[in-house]
Amino acid sequence: MPRILVTGASGNIGRLTLQHLLKRVPASDLVGLVRDPAKATDLAAAGIEIRQGDYFDYDGLVRAFEGIAKVMLVSATAFTDRNTQHQNVISAARQAGVKHIVYMPIIREAESAFTLPDITEQDRFVEEQLKASGLTYTLVRHPPFLESVAFYIGGNALETGVHAPAGAGKAGYASRDELAEAHAVVLSQAGHEGKTYSLYGDPAVSFADVAQILSDISGKPVPFVASSDQDYIAHLVAAGLPESAAGFALAWVQGVNAGAWDGKTGDLEHLLGRKPTTAAEFLRATYAARQA
Ligand SMILES: NC(=O)c1ccc[n+]([C@@H]2O[C@H](COP(=O)([O-])OP(=O)(O)OC[C@H]3O[C@@H](n4cnc5c(N)ncnc54)[C@H](OP(=O)(O)O)[C@@H]3O)[C@@H](O)[C@H]2O)c1
């Protein structure tokens, strides 16, 4: 079996991808790339080889990719010179003899004019680099995470209402865990080479829908508080977010309101072999855990 390396193994998506891969392939076929091996002792204990590497250290990446057939490139953090990091990974993989790269851009529909700062252009750059590299690749495009909804609407939405700029756009959010499971399917099966998947959850929901879901969960009305962009940022800052993070949340919320992720492909359901968790199911579990 070809060896599969997952980057960002100390983070959410990378770790979850490896955990799902463990259910499908022997641990001896798996490698996790981390900056700090102390953050991946759980994966090492499960029999996964942990290699040290930094997206900024090209030579280290070439060494880390030795003997690897497939690389899952977990996208680099926004506002950290993502182009240099992604280009290093792609070039080092090519130099080390890797055959296949799986990358997770954010979904962007061809007809949408919406762009996310430090995301959309950098994702396009990766796709150009992959095309030019001659490597086999698969794009597993992500919608916004279901985990991000609580961040978008402010810390204590059950008490304060769902705050978001006015708009009725919907998004097909998906959970990190199910996106990672879809990665594991793509990485462990043949037949996904050269494919592009858009991993929408279903059904798509608006912020008014989220308010209705939270009302159903709590048994009392949770209003949708449509605000100006300025008031939205002020609300998130008052809830404890740094202003830069609040500004980034605003960009995502504007994308939701513009309908940038209101699509339906069935790709996630197809890869999982079941219907993905709905926003209502996910939020019920999240807020029930918070209330407990
Ligand atoms: N779809 C969405 O809604 C959404 C939302 C937020 C983010 N994202 C994207 O999804 C990615 C993964 O999300 P996540 O929740 O798994 O993030 P996360 O938990 O922050 O994990 C990021 C991983 O990348 C690693 N990393 C960061 N810089 C690196 C570098 N220079 N070299 C090597 N590894 C590096 C981190 O290592 P350390 O543990 O050493 O820091 C960590 O393992 C994010 O990076 C971002 O691009 C998507």
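Guide: Domain bounds come from an automatic or database domain assignment. Here, that assignment gives domain 1 (4–141) and domain 2 (148–170 + 202–262 + 273–291). This is a predicted model, in which local features need pLDDT of at least 70, side-chain atom pairs count only at pLDDT 80 or more, and totals for chains, interfaces and linings use all residues. Residues are numbered from 1 along each chain as its sequence is written.

Visitor: How many residues does the contact take from domain 1 and from domain 2?

Guide: Two residues are in contact if their C-beta atoms, placed from the backbone, lie within 7 Å. The contact takes six residues from domain 1 and seven residues from domain 2. The C-alpha centres of the two domains lie 29 Å apart.

Visitor: Which residues have the most contacts inside the largest nonpolar core?

Guide: In soluble globular proteins, nonpolar side chains tend to be buried together. A nonpolar core is a set of buried Ala, Val, Leu, Ile, Met, Phe, Trp, Tyr and Cys residues joined through C-beta atoms within 7 Å; buried means that 20 or more other C-beta atoms lie within 10 Å of a residue's own. The largest core here has 84 residues, and F65, V71, I101, Y103, V162 and V210 have the most contacts inside it. Domain 1 and domain 2 both give residues to this core, so it lies between them.

Note on methods
A residue is buried if 20 or more other C-beta atoms lie within 10 Å of its own, exposed if 12 or fewer, and partly exposed in between; C-beta atoms are placed from the backbone.
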